[in-house]
Amino acid sequence: MSLPATIELEAEPYPFELTPGRCALLIIDMQRDFLEPGGFGEMLGNDVSQLRRTIEPNQRLLAAWRAARMPVIHTREGHRPDLSDLPPAKRIRGRGRTTIGDPGPMGRILIRGEAGHDIIPELYPLPGEPVIDKPGKGAFHATDLHSILSNLGITQLVVTGVTTEVCVNTTVREANDRGYNCLVPSDCVGSYFADFQEMGLRMIKAQGGIFGWVTRSETLLAALR
Ligand code: C5J
């Protein structure tokens with residue numbers, strides 16, 4: 001059964017006009033090193049359960065998106081093995097003893113091709129779903145994401161993934177400046193820190209939706225049914 005041309009969704013700060021033919025699901029950095037016990041995120045002392053609670057809602061949304069034959073795009077944060085795309089400022093930031101490119105629990109940290117850099121099996125991309133390898137926090141910086149979306153005729157993004165206040169927020173802001181309308185299902189994005197989760201979402205929907213809209217995945221699933 002085909003979907004209506006537009007569907008009004010309950011969202012904050014006001015309803016979102018979903019246009020299924022122009023909307024892509026953009027799943028940010030659901031990578032093993034951020035989400036899996038024993039990965040780099042946990043090695044830094046983070047509570048990965050705060051991110052892992054997003055896996056099931058993302059699985060349901062991804063399944064619905066695929067069933068509706070709407071575009072799905074995945075991203076991974078990481079760098080070339082020779083570190084030539086890693087700004088020195090990013091490498092030394094935090095003064096950690098272990099940093100990007102060093103050996104970690106699941107291979108070299110945030111290096112393309114290493115096990116920890118890859119997407120968790122629960123949300124693994126299907127052949128044909130673009131995977132954007134991004135060197136920065138935002139998915140548009142130094143990638144071909146904007147070209148891919150333009151070529152598909154996409155004007156709206158449902159943005160999910162981790163972390164809410166870093167790569168999700170940066171990407172939503174970049175998308176907003178490029179003219180996309182972004183909708184963020186709050187249960188499909190996660191932060192290691194409860195207060196950043198709340199504030200990250202509030203910043204998106206504040207001031208009349210200054211960067212976009214916030215909803216819940218159930219609302220999207222009901223619309224796609
Ligand atoms: C992401 C990070 N994906 N927190 N990265 O948010 O460094």
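This is a predicted model: local features need pLDDT of at least 70, side-chain atom pairs count only at pLDDT 80 or more; totals for chains, interfaces and linings use all residues.
A polar contact here is a pair of N or O atoms within 3.5 Å, and within protein one of the two must be able to donate a hydrogen and the other to accept it. Keep that in mind.

Start with Arg76. Arg76 sits in strand β4, which covers residues 72-77. What does the side chain of Arg76 make a polar contact with? The partner is the side chain of Asp118, at 3.0 Å. That falls inside the 3.5 Å cut-off.

Is Arg76 buried or exposed? The relative accessible area of Arg76 is 17%. The limit for buried is under 20%. So Arg76 counts as buried.

Asp29 lies in the loop between β3 and α1, where α1 is residues 32-35. At 0% relative accessibility, Asp29 is buried. The backbone of Asp29 deserves a look too. Most residues other than glycine have a negative phi. Asp29 is not a glycine, yet its phi is positive, about 50 degrees.

On to the ligand. Which residues surround the ligand? They are Asp29, Phe34, Glu77, Lys137, Val162, Thr163, Val166 and Cys167. So Asp29 comes up again, as one of the residues around the ligand.

First topic, nitrogen: a nitrogen atom of the ligand is 2.8 Å from an N or O atom in the side chain of Asp29. Next, oxygen: an oxygen atom of the ligand is 2.9 Å from a polar backbone atom of Thr163. And a backbone N or O atom of Cys167 is 3.2 Å from an oxygen atom of the ligand. How much of the ligand does the protein bury? Alone, the ligand exposes 230 Å², and the protein buries 85% of that. The space that the ligand takes is the largest pocket.

Stay with Thr163 for a moment. Thr163 is in the loop between β8, residues 156-162, and α7, residues 164-177. Most peptide bonds are trans. The bond from Val162 to Thr163 is cis, with omega near -10 degrees. Both Val162 and Thr163 are among the residues surrounding the ligand.

There is another cis bond to show you. The peptide bond from Glu12 to Pro13 is cis, with omega near 10 degrees. Pro13 lies in the loop between β1 (7-9) and β2 (16-18).

Back to positive phi, with Leu110. Phi of Leu110 is near 55 degrees, and Leu110 is not a glycine. Leu110 is in the loop between β6 (107-108) and β7 (131-134). Leu110 is buried, at 5% relative accessible area.

Last stop, Ile27. Ile27 is in strand β3, residues 23-28. Its relative accessible area is 3%, so Ile27 is buried. What does Ile27 contact beyond its neighbours within four places in sequence? The contacts are Asn58, Leu62, Val72, Ile73, His74, Thr75 and Thr160. Take Leu62 from that list. Ile27 and Leu62 are 35 residues apart in sequence, and their C-alpha atoms are 9.0 Å apart in space.

Technical notes:
Residues are numbered from 1 along each chain as its sequence is written. Side-chain values use heavy atoms; hydrogens and water are left out. Helices (H or I, at least four residues) and strands (E, at least two) are DSSP runs, numbered from the N terminus. Buried means under 20% relative accessible area, exposed over 50%, partly exposed in between (1.4 Å probe, protein chains only). A residue is near a molecule or strand if one of its heavy atoms lies within 4 Å of it. Accessible areas come from the Shrake-Rupley method with a 1.4 Å probe; for residues, only the protein chains shown count as cover. On a 1 Å grid over the protein atoms alone, a cavity is a set of points where a 1.4 Å probe fits but cannot get out, and a pocket is an open set with protein on both sides within 12 Å along at least five of seven lines; lining residues have an atom within 4 Å of a point. A molecule sits in a cavity or pocket if more than half of its atoms lie within 2 Å of its grid points. Contact means heavy atoms within 4.5 Å.
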